[in-house]
Amino acid sequence: MKRFVYCSSMARYGRGKAPFSEDQPAAPVDPYGIAKYAGELLVRNVSETHGMEHVIAVPHNIIGPRQKYDDPYRNVASIMINRMLQGKQPIIYGDGEQERSFSFVQDCVDPLLKMGTLPGLSGEIINIGPDEEAATINELAGMLADLLSFKLKPIYVADRPQEVKVATCTADKARRLLAYQTKVSLRDGLISMIDWIRSHGPKPFEYHLPIEIDSPLVPATWRDRLL
């Protein structure tokens with residue numbers, strides 16, 4: 001029987017109790033999380049209707065080389081690296097104490113392959129994320145500054161609307177079903193990103209998406225193109 005593996009997001013959990021586990025109800029609070037969860041419902045519906053197997057993967061903040069680093073809307077680590085390599089201070093929303101799990105891309109490949117091939121997984125929701133290592137955005141900026149020998153003086157701007165403060169996960173289910181393990185530490189993952197971005201050269205940020213709803217709550221980094 002054929003199986004579809006759908007990549008959702010930790011944003012599906014909204015402001016649920018961290019660390020997020022798969023048995024928590026989905027309660028997204030931002031448009032991205034709502035769209036991701038809607039995709040889950042669609043995959044489940046199609047699978048049940050047509051007799052297809054499916055698995056919902058929930059990666060947490062994937063990072064790694066080759067990630068687009070001139071995108072001003074997403075990929076916080078790449079954005080910070082790109083700015084620091086240009087001698088610019090990182091811009092941080094709110095107080096920077098938002099806590100996240102960052103998943104190195106190579107650590108996601110093996111569990112995704114297993115989700116598509118191992119028997120007995122149909123209908124499962126499985127987190128992928130390094131639950132043994134989380135970091136705040138301030139800590140991420142500090143780690144990058146240390147690796148780049150950069151004198152850090154972050155620029156703090158207003159909170160982003162509906163941003164979840166703590167979004168970390170438990171990977172117990174992935175360990176049990178997929179023999180999941182983290183092989184690349186956050187520090188080593190960031191080093192590989194720095195090396196790749198440095199080798200390709202820093203770039204100006206490309207504002208490739210229009211602002212469709214212009215209100216006072218739109219982040220100034222987007223509206224005024226501060227990056």
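Author: Three strands make up an open sheet in the order β1-β2-β7, with parallel pairing; strands pair when DSSP finds at least two bridges between them, and both helices (H or I, at least four residues) and strands (E, at least two) are DSSP runs numbered from the N terminus. At the edges are β1 (3-7) and β7 (125-128), each of which pairs on one side only, and the twist from one strand to the next averages 25°. This is a predicted model, in which local features need pLDDT of at least 70 and side-chain atom pairs count only at pLDDT 80 or more, while totals for chains, interfaces and linings use all residues. Residues are numbered from 1 along each chain as its sequence is written, and side-chain values use heavy atoms, with hydrogens and water left out.

Between β1 and strand β2 (residues 53-59) the parallel pairing runs over five bridges, and Cys7 stands opposite Ala57 in β2. Helix α1 (residues 31-50) lies across β1, β2 and β7 and runs at about 170° to β1, where axes are lines fitted to C-alpha atoms, for helices over the stretch in contact, and angles run from 0 to 180 degrees between N-to-C directions. Helix α3 (residues 105-117) also packs on the sheet, touching β1, β2 and β7, and its direction makes about 145° with that of β1.

The end C-alpha atoms of α1 are 28 Å apart, which agrees with the 28 Å that its 20 residues should span at 1.5 Å a residue, the expected span being 1.5 Å times one less than the number of residues. Gly33, Lys36, Gly39, Glu40, Val43 and Ser47 of α1 are buried, that is, under 20% relative accessible area, whereas exposed means over 50% and partly exposed in between (1.4 Å probe, protein chains only). These residues lie on the same side of α1 because they cover an arc of only 120° around the axis, an arc taken from the directions from the helix axis to the C-beta atoms. Their cover includes β1, β2 and β7, with contact meaning heavy atoms within 4.5 Å. The face of α1 turned away from the buried side carries the exposed residues Pro31, Leu42, Glu48 and Thr49. After α1 comes Gly51, whose phi is positive, near 70°.

As for the cores, the largest nonpolar core has 21 residues, a core being a set of buried Ala, Val, Leu, Ile, Met, Phe, Trp, Tyr and Cys residues joined through side-chain atoms within 4.5 Å. α2 (76-85), α4 (137-148) and α6 (186-200) each supply at least two of its residues. A second, separate core of eleven residues includes Ala57, Ile128, Ala171 and Ala174.
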